[in-house]
Amino acid sequence: MTMTSTQIEDAGPTLREGSATGRVRNRRPVARRVRDWLTAFLFTVPGLALFLVFVAVPILYAGYVSLFNWGGFGSPSDFVGVDNFTRLFQDPVFLGDLWRGLLLVGLSLGLQLPFALAMAVLLNQELRGRAVYRMLFFAPYVLSEVITGVLFSMIFAPDSGLADKALGAVGLDGAGGLWFAGQNTVLATLFLVMTWKYFGFHMMLLLAGLQGIPAELTEAARLDGANAWQRFRHITLPLLGPTIRMSIFLSVIGAIQLFDLVWVVTQGGPDHHSETMAVTMFQFGFKRYQMGYASAISIVMFLISLVFALFYQRYVLRRDTEGALTNMRGSR
Amino acid sequence: MPDTAPSSLSRRRFLGVVSVAGLGTAVLTSCGSSDSGGKDSQGRTVVEWWHIQTTEPSKHLWPQQAKAYEKAHPKVKIKLVPLENDAFKSKMTALVGTGKLPDLYNTWGGGVLKQQVDAGLTEDITDQVKDWIGELVPASRKAYEFDGRTYAVPVDIGAVGFWYNKALFKQAEIAVPPTTWAEFLDAVKKLKAAGITPIALAGKEKWPGMYYWAYLAIRIAGVDGMQKAADAKDFSGDDFVKAGEHLKELVDLQPFQKGFLGAAYPGPTGEAATMGNAKAAMELMGQWAPNTQKSEGKGIGSDLGFFPFPAVDGGKGKSTDVFGGGGGYALRKGGPQEALDFLKWFVGPESDSRLVREGGMIPVNTKARDALTDPNLKAVSDLLNAATAFQLYLDQAFPPAVGQEVNDSVAALIAGSKSPQEVARSITQVAKSQ
């Protein structure tokens, strides 16, 4: 390893885990340490500046605005304290958003991920044309959400859409129902489209994970007399853990910020039955020009995402970055 | 955890972009209009003109008219700034914050214009236009007048009414279009009995449903009653509850096409296409309906007819009161007088006739009415000319939050989750918070 690469690699850990690398640092002369810091500083300035301007400042500003009753004209002046937040948690639409968000997270984890995992395991076998299947299943993920939305609003148009016509062709006339247009069917239909669009992505992640599992392990287990289920349960699944945990993380964050698809297909309707937090925020910010209230929604969304991300990284993902499998620490 | 960085970062950046967007455009656009109202290098007065004509035919018509005016008036230069509708709105919102507007700018009148007037950003042009504004259709001027003073000149005008399929009406044995709400409900029942979908409605978009409630409120409370409620920020009166109850009578007949709650207005399965393909007998829509029916569906040609919104028994409004809106141009405070001279020419008989003939617009100048040949647009134009009172589109007449609440609550009423009382209460609640 050359000197330069060691320096750069050291810059990270010295910031986070002073004690672990402290011994190394102390041996270096002061001038060198100053120079290291300067280098690190210079390299981080562009990123830090962008972070401050586009991330930190807007978050703080949104937090500030959320304390005002502000229509977007001039500067906020009508200070209302936490009124926007108390109103928010009494608003049946927003409480519904939270419930629907939770439901979508539950469905994503309970149905979409297992499905993606099953497909991944299937397509990891020796199978004729599996490259074609992989491509086909991944293709929807590449499609833009707007195109997906327009496409499926045509497919699920009551009576005249492809879905109802197809059902009619196999003798199930009228079994289709209202799809996106029904208050009780809209969320299920939406989840169907979400699954169609995203399971391929998770399948790809899991496939990559599966291919990282050494074939020798499965083979050894087979020789020891483990059946297919036992091999899957005790070898594949544990070794796939890091990938699954990452998949869960992306699913949850994706469900929390769901916007484009809903906006294109239903705009949150009928009668708010498919509305998400992001859609509500957009309605209040850019349709009603109630910037204070919309900012309050965005702050709550941000906090939910942040708290989830922090806890998840602290308690769930930490095993993957520090555990025996990837062994990042051991290499240093 | 480098793998998670992109997703959590973009989450925050999205929020970030959303909240700085307003600030950013304010800074950017404030640098944009430096030479307006001044002179160019040839000593001509420059009039900067923000309009939203970005589609044909008016996309080309507007610059052509400006050129024609410049030719006759060599001392004036019209600098056109075409903006797409939503871009225009957000730019204006930002500009209002900076306090300087373009010389001539598009306006729909009503609450938004009033806000600009109250902020001292818009010129009172009453005295400068009084000699010639009388030529214009009175209903077209209403949206730009506050307390008897004029703040903008109308260029476009339209109205909402029922577009119906004469062939389907005949099939259901309805001889003449209904003139009262009771007759209207009867017609709906007859159509249903004949196996025809009576009404096409874009439930997903909410504003087409709002038209029903708004027109019923206009018929019951009268345009004056609407104004009073808006001023008092109180829509909880009996008249508005009644409007909801009448709408509920209609909704209870289940007159709309299957899946209307998910239907958009445009698109191959939308409201316009449903009408255009003769799959429904009526829609309550503005003057653009015939064109949209043709572009989204096949169009029903001479089967298409128009009748005004029916009267409601015991209502304070007349059946000749009209609900609609248009577009006009306002002059910024201290803007060049040449701009007004241009407007006078632009809506004059000769120019307006050309806008009607080539731009497919409904004449605002009474002397340009002969240029109108399309029988459907003529019907709308006649309605406007005979208008006894004029109510501007609610989302322009009221503050945006109130307009949206009307849309939202009425949509809930149509979907069956809000009662007429709750609709009136919700709108009042939002109005009071403004």
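Residues are numbered from 1 along each chain as its sequence is written, and chains are lettered from A and ligands numbered from 1 in the order in which they are written. Because the model is predicted, local features need pLDDT of at least 70 and side-chain atom pairs count only at pLDDT 80 or more, whereas totals for chains, interfaces and linings use all residues.

Chain B is divided into domain 1, covering 33–157 + 325–392, and domain 2, covering 161–323 + 393–433; such bounds come from an automatic or database domain assignment. The C-alpha centres of these two domains of chain B are 29 Å apart. Contact between them involves 21 residues of domain 1 of chain B and 19 residues of domain 2 of chain B, two residues being in contact if their C-beta atoms, placed from the backbone, lie within 7 Å. On the side of domain 1 of chain B that touches domain 2 of chain B, the elements giving two or more residues are α4 (110–118), α15 and β11 (389–392) of chain B. Here helices (H or I, at least four residues) and strands (E, at least two) are DSSP runs, numbered from the N terminus. Helix α15(B) supplies the largest share of that side, with six residues. By class, this side of domain 1 of chain B has 14 nonpolar, seven polar and no charged residues. In this division Ala, Val, Leu, Ile, Met, Phe, Trp, Tyr, Cys and Pro count as nonpolar, Asp, Glu, Lys and Arg as charged, and the others, Gly among them, as polar.

Chain B also contains an open sheet of three strands in the order β8-β7-β9, with antiparallel pairing; two strands pair if DSSP finds at least two bridges between them. Strands β8 (282–285) and β9 (304–307) of chain B form the edges, each pairing on one side only. From one strand to the next the twist averages 30°. Strand β7 (residues 161–165) of chain B is joined to β9(B) by four bridges, and the two run antiparallel. B:Asn165 has B:Leu304, in β9(B), as its bridge partner. Helix α15 (residues 375–385) of chain B packs on the sheet, where it touches β7 and β9 of chain B, and its direction makes about 5° with that of β9(B). Axes are lines fitted to C-alpha atoms, for helices over the stretch in contact, and angles run from 0 to 180 degrees between N-to-C directions.

Packed helices are described by the angle between their axes and the distance between the axes. Helix α17 (residues 400–415) of chain B packs against α18(B) at an angle of about 165°, with the axes 9 Å apart. That makes α17(B) roughly antiparallel to α18(B), on a scale where angles under 35 degrees count as roughly parallel, over 145 as roughly antiparallel, 65 to 115 as roughly perpendicular and the rest as oblique. The contact of α17(B) with α18(B) comprises ten nonpolar, two polar and one charged residues.

The axes of helix α10 (residues 238–252) of chain B and helix α18 (residues 420–433) of chain B come within 8 Å and cross at roughly 135°; the two are therefore oblique to each other. To this contact α10(B) gives B:Phe240, B:Val241, B:Gly244, B:Glu245 and B:Lys248, while α18(B) gives B:Pro420, B:Gln421, B:Val423 and B:Ala424. These residues divide into five nonpolar, two polar and two charged.

In chain A, the domain assignment gives domain 1 (3–65) and domain 2 (91–322). Their contact takes four residues from domain 1 of chain A and six residues from domain 2 of chain A. Helices α5 (residues 92–123) and α9 (residues 186–211) of chain A have axes that come within 7 Å and cross at roughly 45°, and are therefore oblique to each other. The contact of α5(A) with α9(A) has 19 nonpolar, three polar and one charged residues.

Two backbone details remain. Most residues other than glycine have a negative phi, and most peptide bonds are trans. The peptide bond from A:Gly269 to A:Pro270 is cis, with omega near -10°, and A:Pro270 is found in the loop between α12 (260–265) and α13 (277–287) of chain A. B:Glu173, although not a glycine, has a positive phi of about 60°; B:Glu173 lies in the loop between α7 (166–171) and α8 (181–193) of chain B.
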